[in-house]
Amino acid sequence: MHQYRAPYSSHTAPLPQGSAPCFSLYLDRAKIIDQIRLLLRTTSPNAFPSSLSSLAPHIDTTIAVHALRSSPSPSATLSLFHFLHNLPHFSHSPNTCRAALSSLLYTTVHHPQLSPSSSSATPYTAFSLLIDRINSSQFPGVSLSFMDHLRFLCAANDLPRALQLFSHTARHNPSSANPQNPILKPLQNSSSPQTLNLKSKKVHLCTEAYNLMMELFARNGRHDESTRLFLYMLNKGNLPNSRTYTVIIRHMVDMGKAKEGFEVFKRLPGMRVKRTRLQYTLLIQAFSQLGDSDMVLVLVRDMQKDGVLPMRSSVQALRKVGLKKEAEEMVKDFFTLDSRIGSIQGSSLCTSFFDDDQEGDVDDDGDGDNDDDDDDDNGLDGNDELVSLKPWVDPYAIASCLRDWDHAEVSALGKANIVWTARLVGKVLRGFKRADSAWEFFCWVAYQPGFTHDVFNISRMAVLLARQGHTELVNRLLSKVVEKEGIQISFSTIRLIIDAFGISKNADAALKVFRDFSSNSLGYSENHNLLMLYSSLLRTFIKCKKGAKATELLEEMMLSGIQPDIPMLLGLLEHFAMEGDLKRVEQLFGMARQCVIEPDAYMYKILIHAYCKRERSALAMRVFEVMQNAGFMPDVATKNVLVNSLWKEGKRREAASIEERIGSDDDSLPKVILGHPWTVSGEDLMYVHDIYAKCFTRSEAEEDIQLSG
């Protein structure tokens with residue numbers, strides 16, 4: 001019997017098609033991986049070569065990656081890595097090297113008592129030596145990217161080297177800030193022998209790079225640097241994602257600022273950011289520590305409305321504040337053990353060091369939070385005499401085998417006797433790229449003995465179908481589960497379906513879903529929820545090039561008493577500005593004033609660009625003056641567009657006056673204007689920053705810090 005064991009972070013490469021069914025090849029690999037997993041726990045590292053000799057001819061890169069990830073100790077990881085390196089037919093790949101580094105870090109952090117003992121060694125010596133070997137090209141064709149280096153250094157809590165790498169990369173980035181910036185200033189005490197051999201290479205600093213450094217600063221008590229880096233990221237034009245807010249909330253919760261963390265958390269839906277289960281869990285645990293049962297209950301109910309799977313630690317938090325009934329319901333719904341799932345067993349050297357309850361953050365939209373959950377591959381059950389492991393399963397490889405829904409593959413799948421659980425099926429569905437194959441699997445597995453789809457799998461299937469334009473199947477699925485079976489689809493899923501129809505350019509189908517769900521009494525019709533649904537619907541119509549209908553829907557929304565917010569107006573303004581429709585741009589700008597919405601800098605920017613595009617630089621000049629009077633400054637790009645447009649139309653005096661007011665030095669202007677159409681306003685971003693910064697204010701941080709250099 002098989003049970004899903006989650007991969008760390010990267011999906012397995014598709015299995016090759018051969019003469020035998022692809023799924024048969026997958027099962028053969030699974031058996032070999034399980035044998036290696038048992039040997040790693042029942043054989044001393046020195047005996048690995050002889051124990052693994054019979055399996056050596058069958059080991060390929062896929063088997064090696066998963067075997068390394070399941071290693072129980074640093075010494076076992078190193079022994080297996082060297083054993084593989086010495087195989088004549090095997091060459092290490094980037095994936096096997098990353099797997100070895102991940103395993104070394106994980107086992108060193110969680111099981112330091114299993115690390116090699118040496119008077120001169122640090123807990124991360126083996127990890128550092130392996131990185132040095134990769135950097136010195138000892139493994140042909142294998143190299144670590146900037147993000148690989150940064151992830152591993154941050155996971156190892158190596159602040160000096162991580163900051164050195166980050167600062168060096170930022171300095172050689174075309175949009176890097178002033179080298180004297182306190183965030184990018186090199187370490188003064190850089191005499192450590194653990195320096196990096198860095199090459200000058202232009203690398204874009206993505207949002208995840210900032211997330212990693214903020215997390216590392218927070219972990220090492222460098223609170224001021226973490227808040228400064230967040231502002232620096234905003235001024236560089238990087239939009240925060242859900243993991244950014246997870247880092248911020250965790251930082252505040254760890255420092256006893258749970259209420260401030262909840263204020264940020266509460267703001268996220270209006271910023272079109274998905275609230276993840278790790279964010280929920282952090283706050284539930286924090287308020288349970290404070291004994292605030294009311295807040296714990298509010299968070300649990302919101303988690304159910306958002307359609308978010310809970311973690312086991314949430315059950316403990318509920319019990320701690322006396323909510324035993326709610327805790328038992330959660331256990332019954334999500335954490336009841338399936339007695340159908342078997343195990344593989346072997347004699348043990350030692351089994352007491354491992355924990356089968358490692359939990360991470362799950363994010364169905366791929367925002368960057370870790371996709372692992374409480375199915376950790378290092379976990380095992382048993383006693384001092386017996387190792388009992390749950391069989392290895394890779395749901396993404398299963399989905400790859402079934403991508404064409406071939407009869408031979410389906411037949412092999414049916415004979416495998418896999419125990420299908422809702423969690424496993426959900427992971428397999430996420431591995432499909434083609435909606436038609438996913439639908440075939442969805443229907444097939446529904447008829448397997450002892451299995452019933454849960455609302456999470458139904459939601460995931462509906463979104464995938466909508467994204468690829470299968471309107472009829474979406475309608476059938478939603479009609480069946482909502483009208484006939486009475487299953488309530490979460491509000492966030494309805495938004496995702498409407499957004500997905502925008503990807504498949506099917507505005508009418510999105511409108512039907514909106515009409516069906518906005519009129520019922522399941523909580524979708526609250527004003528805030530309706531605003532979010534209208535926002536997704538309008539964006540879908542804009543993507544489908546139906547601006548006139550989008551305008552009608554906007555008027556309908558306002559007549560029903562729902563006022564637009566800034567991100568929605570920014571999205572509409574940008575669309576009509578790109579279309580050159582000045583009449584609608586001016587109408588929307590006037591509408592904002594009627595709704596008592598103060599235009600922000602991004603709105604003025606869009607209006608200036610729209611006028612310049614239509615060669616109406618005089619009007620653009622007037623908007624620039626209004627913008628300045630409102631206390632806003634244009635960014636460098638907007639100033640250049642306006643000046644160039646004035647020169648092109650022969651208005652040299654006006655162009656010169658702009659240079660006089662602002663100055664010819666672009667360093668005095670912001671590089672970007674905060675905000676983004678359809679998603680978030682500059683006010684929202686600064687609201688989060690202000691709460692975050694005030695939690696860790698120091699005397700020198702009271703000044704207005706201009707991180708954009």
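User: What does UniProt place at residues 206-240?

Analyst: The unreviewed UniProt entry puts the feature "repeat: PPR" there, and also at residues 276-310, 530-564 and 600-634. UniProt positions follow the numbering used here, feature names are shortened, and annotations may be inferred rather than shown by experiment. As for the model, it is predicted: local features need pLDDT of at least 70, side-chain atom pairs count only at pLDDT 80 or more, and totals for chains, interfaces and linings use all residues. Residues are numbered from 1 along each chain as its sequence is written, and side-chain values use heavy atoms, with hydrogens and water left out.

User: What makes up the chain over residues 206-240?

Analyst: That stretch is 74% helix and 0% strand, with its end C-alpha atoms 10 Å apart. Helices (H or I, at least four residues) and strands (E, at least two) are DSSP runs, numbered from the N terminus. Residues 600-634 come out at 74% helix and 0% strand too, with end C-alpha atoms 11 Å apart. Counting over the protein chain gives 33 helices and five strands.

User: Why is Ser 681 called buried?

Analyst: Check the cut-offs: buried means under 20% relative accessible area, exposed over 50%, and partly exposed in between (1.4 Å probe, protein chains only). Ser 681 has 4% relative accessibility, so it counts as buried. It sits in strand E5 (residues 680-681). Leaving out residues up to four places away in sequence, Ser 681 touches Ile 566, Pro 567, Asp 600 and Gly 675; contact means heavy atoms within 4.5 Å.

User: Is Trp 678 buried or exposed, and how do you know?

Analyst: Buried, because its relative accessible area is 7%. Trp 678 is in the loop between strand E4 (675-676) and E5. Its phi is positive, about 75 degrees, although Trp 678 is not a glycine.

User: What about Lys 505, buried or exposed?

Analyst: Lys 505 is exposed, because its relative accessible area is 51%. Its phi is near 60 degrees, again a positive value in a residue other than glycine. You'll find Lys 505 in the loop between helix H23 (491-503) and H24.

User: And why does Ala 507 count as buried?

Analyst: Its relative accessibility is 3%, so Ala 507 counts as buried. Ala 507 belongs to helix H24 (residues 507-518). Setting aside residues up to four places away in sequence, Ala 507 touches Thr 540, Phe 541, Cys 544 and Lys 546. Ala 507 and Leu 537 are 30 residues apart in sequence, yet 7.9 Å apart in space, C-alpha to C-alpha.

User: How do you know how H1 and H3 pack?

Analyst: Two packed helices are described by the angle between their axes and the distance between the axes. For helix H1 (residues 22-42) and helix H3 (residues 61-69), the angle is about 35 degrees and the axes are 9 Å apart. Axes here are lines fitted to C-alpha atoms, for helices over the stretch in contact, and angles run from 0 to 180 degrees between N-to-C directions.

User: Which residues meet there?

Analyst: From H1 come Arg 29, Ile 32, Ile 33, Ile 36 and Leu 40, which meet Thr 62, Ile 63, His 66 and Ala 67 in H3. The residues of this contact divide into six nonpolar, two polar and one charged. Ala, Val, Leu, Ile, Met, Phe, Trp, Tyr, Cys and Pro count as nonpolar, Asp, Glu, Lys and Arg as charged, and the others, Gly among them, as polar.
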